[in-house]
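Student: I am new to this entry. Can you walk me through how to read it, one feature at a time?

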There are 2 protein chains.
Amino acid sequence: MNTGALNAKSKSHCPKWTLPVANELVRVQETIESVTNSSVEIATQISSYVLAAGGKRIRPCLVLLSVGACGGEVNAERVIRMAAAAELIHTASLLHDDVIDSAGARRGVCTANALWGNTLSVLGGDFLLSKAFYLLGDLVESEIISLLSNAAVAMTESELLQTSCENNIDSWRSEYWHIIRGKTASLMSACCESGAILSQASKDAQLALRNYGDSLGLAFQITDDLLDIIGNPAQTGKQVGSDLVNGKFTLPVLIASTRDSFPFCFLTGEKISPELAQQIAKFVVECGAAEEAKRIAEKIAQHACQSLAVLEDSTYRQALELLATSVVVREF
Amino acid sequence: MNTGALNAKSKSHCPKWTLPVANELVRVQETIESVTNSSVEIATQISSYVLAAGGKRIRPCLVLLSVGACGGEVNAERVIRMAAAAELIHTASLLHDDVIDSAGARRGVCTANALWGNTLSVLGGDFLLSKAFYLLGDLVESEIISLLSNAAVAMTESELLQTSCENNIDSWRSEYWHIIRGKTASLMSACCESGAILSQASKDAQLALRNYGDSLGLAFQITDDLLDIIGNPAQTGKQVGSDLVNGKFTLPVLIASTRDSFPFCFLTGEKISPELAQQIAKFVVECGAAEEAKRIAEKIAQHACQSLAVLEDSTYRQALELLATSVVVREF
């Protein structure tokens, strides 16, 4: 592979906060390609397909930048492997989410294509998750396996919790923070803390990065939830209000529902139609709840940056700060 | 929990080869219950449900008996955790197999119940697999994580390979041993080898147990495949020939298909009806192919026992030998 060309390409396309670790990200990609290359052709194909799109590679970046911010050796082989493992755990969860979401969306009728998709998504996800732990198995720091497996557990628990809260606004009100922390913040936080551990950083630095990752994840997920209400479907790839249609009451809606003027009433278990979801989304914007949710996300992102204050200034720390301020202003 | 009562109960119900580790199996069960107890109620519920049935607990037994056969401390906490992790990996794979099998069986139409089942099966499996690696994360012997994650990878690859061989007898002829080794032998072999590693046994002993586990797994799976042809549906819980209906050509059928008198012809991709599957199963028995497959399984089981010759005689080694001879004569 011409890594030079890939490198140049990724540098030109990638957000600014990736620049300090651009070379390492190329090695992460190579590690992912190498470890997911299987003697079973279809396993390699699924892996290539789901990992080729690239995504923002936020989790590997968090590992690499955290190592750098703690003065560790960013291009050490075990750091690259850890960063690759983090991306595999994330991608495995996306594949399994597809099974769960497509199940709901298809309303009880599965096409042959959807079924073929389910089988490959389940097995593909298992393949990637197992490969992630294979990569982590080589690390001497056994506490990293506990951190990452606990994050994987939290992600699954959060999906289960979402399932049991479906179409129940009261449950969502009680569990919203629990759900978004498990869904998104747990893995981001584990990535950052692992980076600190790999750098043999102080307990203070480990805690700082854990807190940074946790706040970053919360701010990221609130923004995701907000984009479902205010985003441009052409950019987000989702219809406005699709979370509501899928039985999810997220922060902007929860805030709006406390307004005296809130004109909707939800019966537990009753599904919300796409038309009603659009009306609710419109109200959420007009009553200022969307703006309020945005301010909460910004405040949490600021808190993420403040967590880093105990670390020495460096291009890596600055990149982490830039990442935190970027996630709340993104449009998709 | 009254472990004494549970112990007495499990001793009276369990096969003879479990007796040397009966007390440890109770602790394995307690570890499984404790680690799968989640703050998310539904996660605990699924885990309890799928793990309560009990099963034969062959994989934990393999870990415990291998440790004992190598002179290790069978009741050490880390041995118990490793044995629990092995059962969790196995159970996670069963949950995900349900998603794949039910998809095929329902022929393109999912009931609401089946969809709910899919979601819970996928997430429940992920939960158990992640908890397994959490348990393994505490072990000092990092090579065990590689062994177990490689086994998990092989199990997934084997399922993917099965999917791509569906209804293609030529592919099954080429890949049969690859499939059954990945599906069943890889985890059993990893359990035995891990037991040897946990006991700090010699390389020879590690290899002996790895080979034992591999042969045991192959003999076990061939017997499973045979029971699909000759088993009593009331005991196996499956219709005769259900593997054929699901597009799987297993050893007894592959042997029968080489007989000059074999009267069936399979077009690649063509599904086999339950009626045709029963006719094929009848022929497989009548032409002696079922008997031949049974003899192959018995020979491999003997080979498993011979692998243990380098180990000193002990009740643990004897139990492993008994297990190998038992798996090929079981009726379900």
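Student: Through which surface do the copies meet?
Tutor: Compare the interface residues of the two chains. In this predicted model, 100% of the interface residues of chain A are also interface residues in chain B, so the copies meet through the same surface.

Student: How many residues of each chain are in contact?
Tutor: Chain A brings 41 residues, and these are in contact with 42 residues of chain B. Next, ask which elements supply them. On the side of chain A that touches chain B, four helices each supply at least two residues: H3 (41-52), H5 (77-105), H6 (112-136) and H7 (142-165).

Student: Which of them gives the most?
Tutor: H7(A), with 14 residues. Sort that side of chain A by class and you get 21 nonpolar, 15 polar and five charged residues.

Student: Now the helices inside one chain. At what angle do H4(A) and H8(A) cross?
Tutor: Read the angle and the distance together. Helix H4 (residues 58-69) and helix H8 (residues 169-198) of chain A cross at roughly 30°, and their axes come within 7 Å. An angle under 35 degrees counts as roughly parallel. That makes H4(A) roughly parallel to H8(A). The crossing is right-handed.

Student: Which residues meet there?
Tutor: From H4(A) come Arg59(A), Leu62(A), Val63(A), Ser66(A) and Val67(A). Their partners in H8(A) include Leu187(A), Met188(A), Cys191(A) and Cys192(A). By class, the contact of H4(A) with H8(A) has nine nonpolar, three polar and one charged residues.

Student: What does H4 do in chain B, where H15(B) packs against it?
Tutor: Helix H4 (residues 58-69) and helix H15 (residues 315-327) of chain B pack at about 140°, with axes 7 Å apart. H4(B) and H15(B) are therefore oblique to each other. Their crossing is left-handed. H4(B) contributes Leu65(B), Gly68(B) and Ala69(B) to the contact. H15(B) contributes Tyr316(B), Arg317(B), Ala319(B) and Leu320(B). The residues of this contact of H4(B) with H15(B) divide into five nonpolar, one polar and one charged.

Student: And are H9(B) and H14(B) roughly parallel or roughly antiparallel?
Tutor: Start with the angle again. Helix H9 (residues 203-230) and helix H14 (residues 289-307) of chain B cross at roughly 160°, and their axes come within 8 Å. That makes H9(B) roughly antiparallel to H14(B). The crossing of this pair, H9(B) and H14(B), is left-handed.

Student: Which residues of H9(B) and H14(B) meet?
Tutor: In H9(B), they include Ala208(B), Tyr212(B), Leu216(B) and Ile230(B). In H14(B), Ala290(B), Lys294(B), Ile300(B) and His303(B) are among them. The residues of the contact of H9(B) with H14(B) divide into 16 nonpolar, five polar and one charged.

Student: What is the mean pLDDT of chain A?
Tutor: The mean for chain A is 90, and 91% of its residues reach 70 or more. Over residues 1-11 of chain A, pLDDT stays under 50. The model has twelve contacts beyond four places in sequence for that stretch. Residues 103-113 of chain A also have pLDDT below 50. Beyond near neighbours in sequence, residues 103-113 have 17 contacts in the model.

Student: What are the ipTM and pTM scores?
Tutor: The model scores ipTM 0.90 and pTM 0.91.

Note on methods: Residues numbered from 1 in each chain as written. Chains lettered and ligands numbered in written order. Predicted model: local features only at pLDDT ≥ 70, side-chain atom pairs only at ≥ 80, totals over all residues. Contact = placed C-beta atoms within 7 Å. Nonpolar A, V, L, I, M, F, W, Y, C, P; charged D, E, K, R; others polar. Axes fitted to C-alpha atoms, helices over the stretch in contact; angles between N-to-C directions. Parallel < 35°, antiparallel > 145°, perpendicular 65-115°, else oblique. Left-handed = near helix turned anticlockwise from the far one by under 90°. pLDDT = per-residue confidence, 0-100.
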